[in-house]
Amino acid sequence: MNFADSEVIAAILTKAGYGIGESAEEADFILINTCAIRDNAEQRVRHRVRELKAMQNRRPGLRIGVLGCMAERLQSRLMTEEENVSFVCGPDAYRRLPEMLAQVRRNEELRIKNEELAAVELSATETYADIEPVRLAGNGISAYISIMRGCQNYCAYCVVPYTRGRERSRDPETIVREARTLFEQGYREVTLLGQNVNSYEWIVESGKWKVGFPELMERVAEIDPRLRVRFATSHPKDLSDKLLEVMAKYPNICRCIHLPVQSGSNRMLKLMNRKYTVEWYLDRVAAIRRAMPDCSITTDVIAGFSTETLEDHEATLDLFRKVRYDYAYMFKYSLREGTYAWKHLADDIAEEEKTRRLNEIIALQGEIALENNRLEVGKEYEVLVEGESHRSKEQLFGRNSQNKVIVFDKGDAVPGTYRRLRVEKCTAATLIGALVQ
Ligand code: SAH
Ligand code: SF4
């Protein structure tokens with residue numbers, strides 16, 4: 001999501017006459033787009049900011065701005081704590097960046113304490129719908145499209161509702177137009193982004209009818225069968241049968257659903273305010289597999305949330321054994337200021353115990369991923385070729401519809417095209433395949 005935001009920021013600043021530097025060394029401004037979801041994300045940003053001091057000493061004109069969720073969370077406090085930060089700008093205020101940069105340029109002092117330079121007001125309506133992002137990824141094949149902003153689910157542990165504001169959906173016409181333009185430019189895959197894409201909703205003609213996420217997906221999928229459509233993230237409480245029906249109907253909607261579970265214990269889920277139970281979650285997994293037996297399922301999980309017992313932790317491991325995820329993003333619980341948990345729930349699992357539980361989940365998921373990958377050997381897939389493999393210039397890599405990476409000897413394959421591959425070997429992370437002529 002931050003990556004997609006950086007592309008919007010690049011568009012706003014390009015229009016204002018700025019260019020994107022090839023390296024930090026030649027930049028007049030370094031803008032750091034930040035995440036506040038866990039403490040270690042913030043610590044990495046602080047480390048990066050401090051590292052830049054040496055460069056600023058050599059080049060006194062260099063200005064550093066901190067953007068995104070950390071700017072929103074800490075506001076001008078960040079400028080006091082990190083003395084070489086010139087300004088901060090939250091996720092809904094990027095249109096103000098040209099004005100802020102101009103103001104900073106006029107100022108002789110490196111360290112500016114002007115409170116006005118903290119642009120942190122959140123908006124109920126900003127979606128940057130009219131801005132055509134400048135694509136920074138540069139592979140020309142796969143792009144992100146932000147379809148909504150903010151979140152108001154208020155999971156007890158999560159800072160996002162406070163840093164990204166109220167949920168608001170973007171006009172579907174602008175989304176479809178952006179996807180079509182990308183396709184015409186040669187892109188072959190778009191990922192529709194939102195904190196909870198299943199609650200996307202656009203009211204047309206004052207309540208007469210509305211566009212929900214299934215309708216939006218359908219419209220994007222119909223642009224061209226050669227355009228792959230992915231999405232993230234799908235909140236389990238809102239995953240509808242209608243969405244699964246639409247997915248099953250269009251082969252170009254990818255067979256991959258990211259369905260963050262967070263915990264396998266009903267007591268934890270309730271305390272986390274996730275608004276579903278393990279039984280509901282497993283029913284949704286079964287519904288996905290009924291509608292699309294070849295669909296991969298991935299997840300997010302948190303180890304060591306407030307009062308988590310060994311029994312709760314075992315329940316998470318148990319759920320992992322039942323669902324057999326293709327991939328999982330696994331985290332230690334990190335207490336975030338301002339959240340419900342910060343106000344009302346103790347962060348009472350010792351750090352070493354959180355680490356131990358996390359490592360247990362990681363080890364189990366490693367085994368499951370390897371076993372899942374072994375089942376892929378011998379199967380054939382259509383793959384969108386994305387580029388050179390990191391290991392060898394003689395090899396390319398691509399992804400199948402399930403979002404699994406397959407590496408293969410390049411032969412006559414070209415990035416940006418679809419090719420059929422047979423899987424021949426695997427590791428826990430990668431499938432190794434060969435072109436089927
Ligand atoms: N909107 C998405 C999640 C976005 S945040 C959803 O609800 O599914 C991405 C992931 O970060 C979350 O799924 C969660 O697993 C993790 N996360 C969020 N807050 C956290 C915290 N305080 N500590 C540890 N992990 C956290
Ligand atoms: Fe955070 Fe929950 Fe919103 Fe996801 S749904 S962004 S975890 S509050």
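**Two ligand shells in a predicted model**

By class, six nonpolar, four polar and five charged residues make up the shell around ligand 1. Here a shell residue has a heavy atom within 4 Å of the ligand. Ala, Val, Leu, Ile, Met, Phe, Trp, Tyr, Cys and Pro count as nonpolar, Asp, Glu, Lys and Arg as charged, and the others, Gly among them, as polar.

The model is predicted: local features need pLDDT of at least 70, side-chain atom pairs count only at pLDDT 80 or more, and totals for chains, interfaces and linings use all residues. Residues are numbered from 1 along each chain as written, chains are lettered from A and ligands numbered from 1 in written order, and side-chain values use heavy atoms, without hydrogens and water.

**Ligand 1: surroundings**
- 15 residues surround ligand 1; the closest are Gln195, Pro260, Gln262, Asp300 and Ser334.
- Domain 2 (138-254) and domain 3 (287-375) both give residues to this shell, so ligand 1 lies between them. The bounds come from an automatic or database domain assignment.

**Ligand 1: polar contacts** (pairs of N or O atoms within 3.5 Å)
- An N or O atom in the Asp300 side chain is 2.6 Å from an oxygen atom of ligand 1.
- A nitrogen atom of ligand 1 lies 2.8 Å from a backbone N or O atom of Gln195.
- For Tyr157, a backbone N or O atom lies 3.1 Å from a nitrogen atom of ligand 1.

**Ligand 2**
- Its shell divides into seven nonpolar, three polar and one charged residue.
- Cys151, Cys155 and Cys158 are among the residues that surround ligand 2.
- Tyr157, Gln195, His235 and Arg274 are also among them.

Notes:
A polar contact is a pair of N or O atoms within 3.5 Å; within protein, one must be able to donate a hydrogen and the other to accept it, and residues adjacent in sequence count only if both atoms are side-chain atoms.
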